[in-house]
Amino acid sequence: MIDFRSDNTGRAAPQLIEALAAANDGTALGYGMDPLTAQLQERFAQLFETPVRVFPVPTGTAANALSLAAICPPFGAVYCSADAHINTSECNATGFFSGGAKMVPVTSEFGKVDPAALEAAIAGAGKGLAHKSQPAAVNLVQATDLGAVYGLDEVAAVAKVAHAHGLKVHMDGARFANAVARLGCTPAQASWKSGVDILSFGVTKNGGLLGDAIVVFAPDAAQQIGYHLRRAGLVWSKMRFASAQILAYVRDDLWLELARGANQAAASIAVLVRTLPGVTLVAPVEANELFIEMEPAALDALQGSGILFYRRGPRLGRFVCRWDTSAADIDALAGAIGRCANLKA
Ligand SMILES: Cc1ncc(COP(=O)(O)O)c(C=O)c1O
């Protein structure tokens, strides 16, 4: 099976499975009162070089929606890229959990919020007018939904605009590991040092089993978030297993090693197909995803050849590399694209 459908289709890293088995010993208090969850708090403070609160949650959608619910009132506006996962693919979970927040797409390229467009959108939002949703938060997706990675200066530029207007900055880091691996920076630089107040820290897509985490840098948001999570039914009772998984994920930089593997696979495919006639990479390949435009007949043939991937329209295919994408998978995809690329209807 040559599978480029999603980073959700892959295996969990064995180190995480082993950590679950190791945590399955004796008794421990529930709801995060256990020693492993205490360790997780300490470990993340170390990892991010600042005091943080970490909340393991079941899904990336929960991480996003509850992070935003904690920093956005029911009458608030969340600015984001039109391509942002919260705007396209989460069934308005943010609106639901916040009690009514509105997603407001602003101009973006390759899924990156443009700071000037954000400034204009906030300026025209009608701040203080009772008839208008009130600007409350900005959502950045890192790496973006189109496989690009914000530079640190780009994150900081968006955060500067947001903070100047009193908005908080949420980063959807479903692929935070891929972004940090790409940037070669510290997790602190990629988050709070660039102005991020609250982070959805992805685990599942990069070798995890059943959970992501919310990392809170702004202490005023942390007070609220526990209530939001509990009310939503999103607090694991056997939290020690969720925490064990995440501890193993960041131990000895495993998370970055896994992400480097996925990024490298995508970069190798890009090199192999970039110059083929009939093939266009429509976004920079900076993380683990490729968005490839080809003739509809060529994409049909590629699907017919047994390669699994998702279509994003008649001419556009999305190909996602995972930590466990093999050299054979890379060669098979590049070879098949080479054979199909020139087919026309
Ligand atoms: C950028 C991004 N954010 C959030 C999510 C949500 O994750 P989940 O499907 O675990 O809710 C995804 C999943 O595809 C994603 O791609």
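Select helix H3 (60–71) and helix H4 (85–88): each supplies at least two residues of the lining of the largest pocket. Helices (H or I, at least four residues) and strands (E, at least two) are DSSP runs, numbered from the N terminus. A pocket is an open set of points on a 1 Å grid over the protein atoms alone, where a 1.4 Å probe fits, with protein on both sides within 12 Å along at least five of seven lines; lining residues have an atom within 4 Å of a point. H3 gives the most to this lining, with three residues.

The model is predicted: local features need pLDDT of at least 70 and side-chain atom pairs count only at pLDDT 80 or more, while totals for chains, interfaces and linings use all residues. Residues are numbered from 1 along each chain as its sequence is written, and side-chain values use heavy atoms, with hydrogens and water left out.

Next, select His85, Asp145, Ala174, Arg175 and Lys205, which lie nearest the centre of the largest pocket among its 29 lining residues. The volume there is about 500 Å³, taken as the space filled by probe spheres set on the points, which are joined across faces, edges and corners. Colour domain 1 (2–8 + 255–340) and domain 2 (14–252): both give residues to the lining, so the largest pocket lies between them. These bounds come from an automatic or database domain assignment.

Now show the ligand. Which residues are around the ligand? They are Thr59, Gly60, Thr61, Asn64, His85, Glu90, Val141, Asp145, Asp172, Ala174, Arg175 and Lys205, counted if a heavy atom lies within 4 Å. For polar contacts (pairs of N or O atoms within 3.5 Å), start at Gly60, where a polar backbone atom is 3.0 Å from an oxygen atom of the ligand. At His85, a polar side-chain atom lies 3.2 Å from a ligand oxygen. At Lys205, an N or O atom of the side chain is 2.7 Å from an oxygen of the ligand.

Move to the second largest pocket, with about 250 Å³ of space. Select Tyr31, Gly32, Arg53, Phe55 and Met239, the closest to its centre of the 16 residues that line it. Helix H2 (35–47), strand E2 (53–57) and helix H10 (219–231) are the elements that give two or more residues to this lining.

Finish with two backbone details. Most residues other than glycine have a negative phi, and most peptide bonds are trans. Glu49, in the loop between H2 and E2, has a positive phi, near 55 degrees. The peptide bond from Gln142 to Ala143 is cis, with omega near -5 degrees; look for Ala143 in the loop between strand E7 (134–141) and helix H7 (152–164).

Note on methods:
A polar contact is a pair of N or O atoms within 3.5 Å; within protein, one must be able to donate a hydrogen and the other to accept it, and residues adjacent in sequence count only if both atoms are side-chain atoms.
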